[in-house]
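Please view the structure before reading the points below.

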Amino acid sequence: MHVIALATSVTDLKNDDDMPLLLAACEELGVPTEVCAWDDPGVDWSRYAHVVLRSTWNYIECREEFLAWAERVAATTNLVNPLSVVRWASDKHYLADLAARGVPVVPSRFVEPGEDARAALRDFLATNGQAAELVVKPTVGSYSKNVKRFAGTAEDEATEHIVRLLEQNRSVILQPYLSSVDQVGETNLTYFDRVYSHAIRKSALLMSDGTVNGPTPDFRAARVADADEQAVALAILDATADHLGLGRPLLYGRVDLIRGNDGRPMLLELDICEPSLSFPFCDGGAMRFARVLGQLLQSQESGA
Ligand SMILES: Nc1ncnc2c1ncn2[C@@H]1O[C@H](COP(=O)(O)OP(=O)(O)O)[C@@H](O)[C@H]1O
Ligand SMILES: [Mg+2]
């Protein structure tokens, strides 16, 4: 049966504001799709020609279980993006791999379970010019969960948060807080098949009083990505394809960039697993995605 499964989760579908627009675009183009939850044990994934990851967002609480599911799906049908991408991109350690390939990445100091949190923090501050403010976040996470902003002088508070995450057996990233986000926000660029589709501006989510905003519609707005942002995003997608030895461009991907203190765009997050694509904020994004999904089905039918 030549149908594409769009994978969500039992609890996340209601928050997926891309899905209705994507379904409408697929229907208009005659691309057969069904929405299925990865955590619904009743789904027979082998019935589908392709399983395309969409809003499987609850996996951050059970990544191993999710990867085991992805492995089972990839063994019976075509998982999109592929399993190697899902494994690599669902843990922000990928930032180190990309930095090693020479693309600009927000300076990141990783702290692993078992390490001394305070010593790691002091080391980070010493190598980052005693950053006035820093961000502490888990390597596996989304929706700003457990992401916190601290003053560089708030050593005790920052250490406490790092320790709390390490004790949950999570790896941690320390980054300087890039204050350009307060003026110009971050830019999320969406690509289909290596072709730029659209971008949004996301306003700063970490407030100086310690409160954190969700990336809800109030914080997103359409924008055209600048030429330097598009160049960096493409370099990041190409470095990723190289790193993972992918034979073809990623079907979909979102590159989140933030400008450093020198004004240059740097990678904050690469979402090529289950990105929210902000379709309600752009013209034609859902249709462009539906088109590459249609091509995917066609290439399979023609045996390409
Ligand atoms: N180094 C940083 N400088 C400034 N803001 C940051 C930094 N890191 C994260 N943030 C803010 O926190 C939000 C969530 O962090 P992010 O790295 O995107 O993780 P998540 O996977 O939870 O979305 C970002 O959208 C941004 O507003
Ligand atoms: Mg993010």
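Ligand 1 has 19 residues around it, and Lys92, Lys137, Ser144, Glu186 and Glu269 come nearest; a residue counts as near if one of its heavy atoms lies within 4 Å. The model is predicted, with pLDDT of at least 70 needed for local features and 80 or more for side-chain atom pairs, while totals for chains, interfaces and linings use all residues. Residues are numbered from 1 along each chain as its sequence is written, chains are lettered from A and ligands numbered from 1 in the order in which they are written, and side-chain values use heavy atoms, without hydrogens and water.

**Surroundings of the ligand**

- The shell around ligand 1 comprises eleven nonpolar, four polar and four charged residues.
- Domain 2 (94-103 + 180-272) and domain 3 (109-176) both contribute residues to this shell, so ligand 1 lies between them; the domain bounds come from an automatic or database domain assignment.

**Backbone atoms beside the ligand**

- A backbone N or O atom of leucine 178 is 2.9 Å from a nitrogen atom of ligand 1.
- For tyrosine 143, a backbone N or O atom lies 3.5 Å from an oxygen atom of ligand 1.
- A polar backbone atom of leucine 205 is 3.3 Å from an oxygen atom of ligand 1.

**Backbone geometry**

- Most residues other than glycine have a negative phi, and most peptide bonds are trans.
- The peptide bond from valine 80 to asparagine 81 is cis, with omega near -10°.
- Aspartate 193, which is not a glycine, has a positive phi of about 55°.
- Aspartate 193 belongs to the loop between β9 (186-192) and β10 (195-202); strands are DSSP runs (E, at least two residues), numbered from the N terminus.

Technical notes: Polar contact = N/O pair within 3.5 Å; in protein donor to acceptor, adjacent residues only side chain to side chain. Nonpolar A, V, L, I, M, F, W, Y, C, P; charged D, E, K, R; others polar. Helix = DSSP H or I, 4+ residues; strand = E, 2+ residues; numbered from the N terminus.
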